[in-house]
Amino acid sequence: MPDWRIRPGKIVCVGRNYREHAKELGNEVPMEPLIFLKPPSSVVWEGEAIVLPKASSRVEHEGEIGVVVGKTLTRVSEEDAARGIRSIVSVNDVTARDLQKTDGQWTRAKGFDTFCPLGEESSQLPDLDSLTVVTRVNGVERQRGKSSEMVFSIPSLLAYISRIMTLEPGDLVATGTPSGVGPLAPGDVVEVEIPGVSRVSNPVQESQ
Ligand code: ZN
């Protein structure tokens, strides 16, 4: 059985890629994709704890559709970007919302250990235009979004990123979160599911 615990070389994330989510945080939808990096050391897998750091008093879930790159992509067209996708995976882009605001740049807020739960890679490449991502906390639905509602489509995001940095096999692109982000508390269980494709569920813990 192949090891499903994927270890991305780099994690490129997209901010404000759903209109309703940009609005709920008081932001405009950007004219170009807004991208940032999350360190590969933040990855955890199914069942592993998300640890709330002492430095933050508000850690939030962001359920997202993740794209795993299968080919080297440098300055590619949208068509070639779509052909370079290996799989789709559930991602939780866990964020210390208070630190995101106070720091101005997002490396600390997005980069703590355990802040990137990843599900199993899809065995086949699903239709990119009909994906749904659902986030539940303690079984209660908090977020639901569709790839068809994205401001920038998956192929256009990959093509855009590939004009800045080469995407390499095994890299992960997290394509932004829909509206409904909210805080996590110790004892919660948070689940991100792309129905029929990938799912990841993680308990939330206080730091020791
Ligand atoms: Zn995000």
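Buried means under 20% relative accessible area, exposed over 50%, and partly exposed in between (1.4 Å probe, protein chains only). This is a predicted model, where local features need pLDDT of at least 70, side-chain atom pairs count only at pLDDT 80 or more, and totals for chains, interfaces and linings use all residues. Residues are numbered from 1 along each chain as its sequence is written, and side-chain values use heavy atoms, with hydrogens and water left out.

**Exercise 1.** Work out which residues hold the zinc ion and where they sit.

*Solution.* Start with the donors (N, O and S atoms within 2.8 Å of the metal, or 3.2 Å for Na, K and Ca; water is not among the atoms, so sites may look incomplete). On the protein side, Glu62 (OE), Glu64 (OE) and Asp93 (OD) lie 1.9 to 2.1 Å from the zinc ion. Next, read their spacing along the chain: E-x1-E-x28-D. Glutamate 64 belongs to strand β6 (residues 63–69), while aspartate 93 is in the loop between β7 (85–92) and β8 (95–96), so the pair, 29 residues apart, links distant parts of the chain. Finally, check burial: glutamate 64 and aspartate 93 are both buried.

**Exercise 2.** Find out how the radius of gyration of the protein chain sits against the globule rule.

*Solution.* Take the radius over C-alpha atoms, and the rule as 2.2 Å times the number of residues to the power 0.38. For 208 residues a compact globule would come out near 17 Å, and the protein chain's 16 Å agrees. Then look at the box: the C-alpha atoms fill roughly 45 × 45 × 25 Å along the principal axes. As for burial, 54% of the 208 residues count as buried.

Methods: Helices (H or I, at least four residues) and strands (E, at least two) are DSSP runs, numbered from the N terminus.
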